[in-house]
Amino acid sequence: MSEPIRNKKLDLTTAPTPQNTPANNAPISSHAQQPGVATINEEDLDRAAAASIFAQNPKLVSMIQGKLGSLVGRSSGYIESLPAPVRRRVAGLKGVQKEHAKLEGEFQEEVLQLEKKYFAKYTPLYEKRAKIVNGAAEPTEDEIKAGEQDDEENDEGKGDTAADESMDQGVPGIPEFWLSAMKNQISLAELITDRDEPALKFLTDIRMEYLERPGFRLIFEFADNDFFSNKIITKTYFYQEESGYGGEFIYDHAEGDKIDWKPSKDLTVRVESKKQRNKNTKQTRVVKKTVPTESFFNFFDPPKAPEADDDDAASDVEERLELDYQLGEDIKEKLIPRAIDWFTGEALQFEEVDDEPAEGDFEDEDDEDDDEEGSEERDEEEESDEEDDNSKPKQEAAECKQS
């Protein structure tokens, strides 16, 4: 008997539960029977043929996955088959679990309050950082010595400080501080395009604040610039009122400020020009069309969940929502608290970078390589035939090809 066909995408290792444990393997015997599956012979269903069918019908695969997904969490009938006293104990354990969930919720709430308490202590340090970055203040001698001590321990900063200071006394603050820090932060660097950089050079501060309800707001402050009139652009992340399974907060949605772009300076779009010719007059004209393009500033226009029942669109938006939330968390938890370490690049040594590409990033190219090799061989044969055409009959050349 052949091995049962598995859906690789859904074949996840899971712990045994009453929903997925066969009845005759249960610790308590009952009249329930283990569900059986008809034998599938290799003669009846060829795996290669099945794989080909699925590859050519992605909607069929999506439908099957949807059907299988709808079965998750459904009772197998095992609990219902248990003796009444045992079912009462199971119900009692569920009651105990509810008390546990309640404590988990209280724990998460206390953690949030503790975060807010220490955030209030961090805030003066963030304000001092902003003043130093923008040239409104200078660090104290004690702060400089503490930073130089770290550089010496890391074998850095051994340059001639006096010589460096004599080179230029007219540079205020730390130029392009936030742009450099963001470009070193991997997830953010992927969003920043070459067109974005001139605008992001005007960033003077990035900070955050907690909301009265569960959630937080990211605040981007800019100096006067030629791209938009906003001095401050914010993005707010909201959590659901009800906590999750383990008492944690669940992301609900995000809202971003509208950017007031100056004429012809919108970095989230590009202008495409296309020539059109009139069929009758033969005159040509240039039609310009504005189309969306990649930009960091799309971050302030977060994706919204689709209203229609479109599984493909829902899956795509779900991935974008997850990425959008992760970006917000990275700014809140990594960039803002340790901006100087991202500016210098020291924070990168604590990041887990997956250098090896995922298996799904590769595509089978054997057929294409074979086709290219076969095409080259045929070209060589054809060239050979043309060279020998004057000395050998065409029929003989054809026989050479077949051999």
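User: Which residues form one aromatic cluster here?

Analyst: F220, F222, F228, W261, F296, F297, F299 and F300 do. Before going on: this is a predicted model, where local features need pLDDT of at least 70, side-chain atom pairs count only at pLDDT 80 or more, and totals for chains, interfaces and linings use all residues. Residues are numbered from 1 along each chain as its sequence is written, and side-chain values use heavy atoms, with hydrogens and water left out.

User: What makes F119 and Y210 an edge-to-face pair?

Analyst: Rings of Phe, Tyr and Trp (its six-membered ring) pair if their centres lie within 6.5 Å; planes under 30 degrees apart are stacked, over 60 edge-to-face, and the rest tilted. F119 and Y210 sit 5.5 Å centre to centre with 90° between the planes, so they pass as edge-to-face. The pair joins distant parts of the chain, with F119 in helix α4 (residues 84-133) and Y210 in strand β1 (residues 203-210), 91 residues apart. Helices (H or I, at least four residues) and strands (E, at least two) are DSSP runs, numbered from the N terminus.

User: Why does F119 count as buried, and what about Y210?

Analyst: Buried means under 20% relative accessible area, exposed over 50%, and partly exposed in between (1.4 Å probe, protein chains only). F119 has 17%, so it's buried, while Y210 has 22%, so it's partly exposed. F299 at 5% is buried, and F300 at 4% is buried.

User: Where does α4 kink?

Analyst: At K121, by about 35°, shortly before the proline P124. The bend is the angle between axes fitted to the seven residues ending at a residue and the seven starting there.

User: What makes K121 a charge over a ring?

Analyst: The rule wants NZ of Lys or CZ of Arg within 6 Å of the ring centre and within 35 degrees of the ring normal. The charged end of K121 sits over the ring of Y118, 4.7 Å from its centre. K332 does likewise over F216, at 5.3 Å.

User: What do the buried residues of α4 pack against?

Analyst: α7 (177-184), β1 and α11 (339-344), where contact means heavy atoms within 4.5 Å.
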